[in-house]
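Student: I'd like to go through the aromatic contacts and a helix with you. Could you show me the structure, please?

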Amino acid sequence: MALKESLEKNGAFLFRYRGQLPLLFILFAIVIVIIDDYSKIHQHPNVFRGVQCLGIFIVLLGHLIRFSIVGSRFAHTSGRNRHEQVAHQLNTKGWYSMVRHPLYFANFLIWFGITMYLFNPWLVFVMCLCYWLYYERIMYIEESFLIKQFGDEYLTWSRKVPAFFPAPRKYMSAKNSFSWKSVLRNEYPSVLSTLCSLLLLTIIQRSAISHQIDLTWVDLFSAVGILILGLIFRFLKHRTTILKED
């Protein structure tokens with residue numbers, strides 16, 4: 001199989017399951033958390049807490065970037081479609097004037113922040129490597145589709161804008177009005193997934209440090225709160241018109 005065909009085949013598969021395959025990394029992270037040596041935490045408790053706070057900040061920054069993108073996107077773009085590529089218009093303003101794949105950059109920040117929170121530099125390195133191999137193929141298949149869809153319009157724009165890391169000096173304001181409905185409708189699953197991941201990894205890490213199952217009432221209340229929020233947003237999205245996009 002030619003390299004181009006291999007990249008397209010792998011990219012199509014990873015694109016379809018891009019919401020599920022990261023769960024494998026969470027399972028890998030759980031194993032690392034369980035077997036990790038926590039002597040460095042006891043030696044540098046203030047550094048540990050500082051790194052965790054920085055990790056949380058990076059996670060929040062990633063989600064805020066996603067909110068900004070999703071809230072001002074064109075309809076039928078930057079969505080959660082799984083089975084096929086969808087792009088009725090080409091986004092070139094706002095975040096898309098600085099980077100071609102801003103949502104994937106935001107996702108990287110979220111994953112980077114989560115692994116940073118676990119205070120394991122090797123896990124951060126593995127995450128960065130896996131993310132690069134994983135999303136490079138997804139970006140390849142997406143760009144191939146956009147070239148077919150928009151032709152020279154896409155090629156002209158893509159030559160001016162970096163693929164992954166934003167170039168702030170290239171920013172051009174988006175004319176689209178910002179929609180909180182779009183943000184709430186589309187982003188609650190990713191926010192809840194992040195909260196679940198952080199809660200689970202925190203409990204496992206705390207238990208590994210203390211060498212016993214270490215659950216608190218805060219953990220229980222947090223889990224119940226996440227569940228209730230998930231049920232509320234799912235009900236509003238599927239059973240009401242409150243979050244329906246205009």
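Student: Which residues form one aromatic cluster?

Tutor: Y104, F105, F108, F112, Y131, Y134, Y135, F164 and F165 form it. Bear in mind that this is a predicted model, where local features need pLDDT of at least 70, side-chain atom pairs count only at pLDDT 80 or more, and totals for chains, interfaces and linings use all residues. Residues are numbered from 1 along each chain as its sequence is written, and side-chain values use heavy atoms, leaving out hydrogens and water.

Student: Why is the pair of F178 and W180 called edge-to-face?

Tutor: Rings of Phe, Tyr and Trp (its six-membered ring) pair if their centres lie within 6.5 Å, and planes under 30 degrees apart count as stacked, over 60 as edge-to-face and the rest as tilted. The centres of F178 and W180 are 5.1 Å apart and their planes stand at 75 degrees, so the pair is edge-to-face.

Student: Why does F105 count as buried?

Tutor: Buried means under 20% relative accessible area, exposed over 50%, and partly exposed in between (1.4 Å probe, protein chains only). F105 has 12% relative accessibility, so it counts as buried. F164, at 15%, is buried too. By contrast, W180 is exposed at 54%, and F178 is partly exposed at 39%.

Student: Which residues of α2 are buried?

Tutor: They are P22, F25, I26, A29, I30, I32 and V33. Helices (H or I, at least four residues) are DSSP runs, numbered from the N terminus.

Student: What makes them line one face of the helix?

Tutor: Seen down the axis of α2, the buried residues fall within an arc of 165 degrees, so they line one face. The arc is that of the directions from the helix axis to the C-beta atoms. On the other side, L23, L24, L27, I34 and I35 are exposed.

Note on methods. Helices (H or I, at least four residues) and strands (E, at least two) are DSSP runs, numbered from the N terminus.
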